[in-house]
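I opened the model to keep a notebook of what I looked up, entry by entry. The sequence and the structure come next, and my notes follow.

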Amino acid sequence: MRDPIPEKSPRDRVRFIQHRGKSILLEDFSDLDPGPEFLDTLRKAKEAIESRPLKSVLVVAVVSNVHYDLDALNAMGAFVKANTPFVRCSAVVGIKGLAKVGMMAVSQLGGRSIKTVDTIEEALEYLVSVE
């Protein structure tokens, strides 16, 4: 499968892609530091999710090499919680080390389960298998 993240373009960090006939929201947080671009990516993702019907959105978030601080984790937790009514299922790619603890906190703050996987392909296959 061709990598759905061909280049690091800020305008393309949040977009819907097709996989096996299903629309999946790709959120690319990879290589981001806390700050304006991180928050802008969250805002764009929130807008994209809320443009869809309740419990309909399949989400894959790529967080490879993302850097967090307390403000970023709080913003991510609020983001997940606000969008939970719209999300049918979500998966996250690229969590390693202490970031797993942060993701567990975000998942708990948001009140939903987020599957962690190692590759985008695994995430996409998981999401399209959800009924």
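Before anything else I noted how elements are named: helices (H or I, at least four residues) and strands (E, at least two) are DSSP runs, numbered from the N terminus. I am working with a predicted model, in which local features need pLDDT of at least 70, side-chain atom pairs count only at pLDDT 80 or more, and totals for chains, interfaces and linings use all residues. Residues are numbered from 1 along each chain as its sequence is written, and side-chain values use heavy atoms, with hydrogens and water left out.

**Entry: the whole chain**

I looked up the elements and found four helices and five strands, which run β-β-α-β-α-β-α-β-α from the N terminus on. Of the 131 residues in the chain, 45% are buried, where buried means under 20% relative accessible area, exposed means over 50%, and partly exposed lies in between (1.4 Å probe, protein chains only).

**Entry: helix α1**

I found that α1 has 15 residues and reaches 21 Å from its first C-alpha to its last, close to the 21 Å expected at 1.5 Å a residue; the expected span is 1.5 Å times one less than the number of residues. Its buried residues are F38, T41, L42, A45, A48 and I49. Seen down the axis of α1, these fall within an arc of 130 degrees, so they line one face of the helix; the arc is that of the directions from the helix axis to the C-beta atoms. I also recorded a general point, that an α-helix has 3.6 residues a turn, so residues three or four places apart point the same way. What covers the buried residues of α1 includes β1, β2, β3, α2 and β4.

**Entry: helix α2**

Next I read that α2 has 14 residues and reaches 20 Å from its first C-alpha to its last, close to the 20 Å expected at 1.5 Å a residue. In α2 the buried residues are A72, M76, G77, F79, V80 and N83. They cover an arc of only 160 degrees around the axis, which puts them on the same side of α2, while the face turned away from that buried side carries the exposed residues L70, D71 and K81.

**Entry: how α1 and α2 pack**

I looked up the angle between α1 (residues 36-50) and α2 (residues 70-83), which is about 5 degrees, with the axes 10 Å apart. The two helices are therefore roughly parallel to each other. The contact (heavy atoms within 4.5 Å) is made by F38, L39, L42, A45, K46, I49 and E50 of α1 and A72, A75, M76, F79, A82 and N83 of α2.

Is S90 buried or exposed? S90 lies in strand β4 and is buried, with a relative accessible area of 5%. Leaving aside its neighbours within four places in sequence, S90 is in contact with V59, R112, S113, I114, K115, Y126 and L127. I then followed R112, which lies in the loop between α3 (99-110) and β5 (115-117) and is buried, with a relative accessible area of 15%. R112 and V80 are 32 residues apart in sequence and 8.1 Å apart in space, C-alpha to C-alpha.

**Entry: two loop residues**

Most residues other than glycine have a negative phi. Yet I found that phi of R20 is near 50 degrees, a positive value; R20 lies in the loop between β1 and β2 and is exposed, with a relative accessible area of 62%. K55 has a positive phi of about 55 degrees although it is not a glycine, and K55 lies in the loop between α1 and β3.

Methods:
Axes fitted to C-alpha atoms, helices over the stretch in contact; angles between N-to-C directions. Parallel < 35°, antiparallel > 145°, perpendicular 65-115°, else oblique.
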